[in-house]
Protein chains: 2
Amino acid sequence: MTGTPLRADARRNRERLLAAAEQVFTEQGVTASTEDVARAAGVGVGTVFRHFPTKEQLIEAVYQARLSRLADLADRLAASADPGAAFAEFFTTTVEGAATKNALAEALSRAGVATSTAEVGQWLRRALGVLLTRAQETGAVRPDVTLPDLMGLLIGTSRAVEHLSDDPGARTRVVRVVLDGLRVPG
Amino acid sequence: MTGTPLRADARRNRERLLAAAEQVFTEQGVTASTEDVARAAGVGVGTVFRHFPTKEQLIEAVYQARLSRLADLADRLAASADPGAAFAEFFTTTVEGAATKNALAEALSRAGVATSTAEVGQWLRRALGVLLTRAQETGAVRPDVTLPDLMGLLIGTSRAVEHLSDDPGARTRVVRVVLDGLRVPG
DNA sequence: CGGGAACCGGAGTGATCACTCCGATAGTGT
DNA sequence: ACACTATCGGAGTGATCACTCCGGTTCCCG
């Protein structure tokens, strides 16, 4: 996959760029200009386009980073002794972490669509599927909910929470509503 | 408020523009160019900017139209004999109508923020407040949910449904999950 | 029907943005 | 230390977009 290993300064700049891009895109949205990202990273625009030939690819890279953090969290929680609690914790943590600029919601939304996020998306879906199935087997989550349903709810609840970002009480209330709806009815 | 009444052709073009803008923005998002809107309306760009001096104002006008339709629906349902059913119907109808391009969600999201949507936003909030309070009084909706919570959930569920736009079964399942979560727990 | 005002259309303008190119710079193997 | 090359920085380029301007057209009123 990886051809020649990157030179030291190249790798350093690549990581700086990813971090800067994540911050800038989170604050201003993906419509932020490439020069803004370059300035935030302390490099020239040429460097941005050498590492990410297209703005689209830079955006995708940021999304991939976010998605792999999520997948990692799901993997860790999948081993939990209490699947219901693990499920709830993943849901809450994910949604609370999305309190700015639709960041995670957009990333999640692409997980099932964009080609370049295919691998990470598959990883995340598999991990989430385990989390969901175990929670359903122990009766903690209603059995009719599917994996796509869950992803839609994650995206939607993130959006709801983002809209309520200035009121922590409202945030927890909204998450509780959705989690209650995910429990077995009756 | 309105100075001289518009000439016949001016009024006709204004309505054509609003309809075209709504369609174009729904299909391509608000990043669609002004010329696209003009072409869809069958007028020149000059005409667009005469009626809406800024693209932002055109967007706001489209959002206002959407919001007033929602507020109208809420008003009609507020008179219902079954507040719980009225609440559920409003929720379902609103969310199902938002199946494309974040259209309603964005409009709703602005209802509490943007200045020019202030009036319509206030109307919608008042109507929604009545719907919510009545449903809570009859025990159909849990009492701890507030009006901002409800708006957040409307926005979020719209987003979730939009993401699942190709699977009607998933759509109804997701709406049911949120509506169940909004009922009195236990 | 006719004159005058309101309105229309679309070429033109300035700004912005994604992306390119090449001289300068800095890392790496010997 | 030195040469060789990967990498860097940022001025330059072409395209696009929101917005303006004015000659021509259409509507309204007496």
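**Legends to close-up views of a predicted two-chain model**

**View 1. Fold of chain A in the predicted model.** Chain A contains nine helices and zero strands, where helices (H or I, at least four residues) and strands (E, at least two) are DSSP runs numbered from the N terminus. The order of its elements from the N terminus is α-α-α-α-α-α-α-α-α. The C-alpha trace of chain A extends over about 60 × 40 × 25 Å along its principal axes. The model is predicted: local features need pLDDT of at least 70, side-chain atom pairs count only at pLDDT 80 or more, and totals for chains, interfaces and linings use all residues. Residues are numbered from 1 along each chain as its sequence is written, chains are lettered from A and ligands numbered from 1 in the order in which they are written, and side-chain values use heavy atoms, with hydrogens and water left out.

View 2. Chain A divides into domain 1 (1-53) and domain 2 (56-182), with bounds from an automatic or database domain assignment. The C-alpha centres of these two domains of chain A are 26 Å apart. In chain A, 13 residues of domain 1 are in contact with eleven residues of domain 2 (contact means heavy atoms within 4.5 Å). Between them, domain 1 and domain 2 of chain A bury about 1100 Å², 70% of it on carbon and sulfur atoms; buried area is the accessible area (1.4 Å probe) that two parts lose on being put together, summed over both. E22(A), T26(A) and F52(A) supply 45% of the area that domain 1 of chain A buries against domain 2 of chain A, more than any other three residues.

**View 3**

**View 4. The largest cavity.** The structure holds three cavities of 30 Å³ or more; a cavity is a set of points on a 1 Å grid over the protein atoms alone where a 1.4 Å probe fits but cannot get out, and lining residues have an atom within 4 Å of a point. The largest cavity has a volume of about 50 Å³, a volume being the space filled by probe spheres set on the points, which are joined across faces, edges and corners. Its lining residues include L153(A), V178(A), G152(B) and V178(B). Helix 8 (147-163) of chain A and helix 8 (147-163) of chain B are the elements that give two or more residues to this lining, and helix 8 of chain B gives the largest share, five residues. The lining of the largest cavity has six nonpolar, five polar and no charged residues (Ala, Val, Leu, Ile, Met, Phe, Trp, Tyr, Cys and Pro count as nonpolar, Asp, Glu, Lys and Arg as charged, and the others, Gly among them, as polar).

How values were computed: 1 Å grid on protein atoms, 1.4 Å probe; cavity = no way out; pocket = protein on both sides within 12 Å on 5 of 7 lines; lining within 4 Å.
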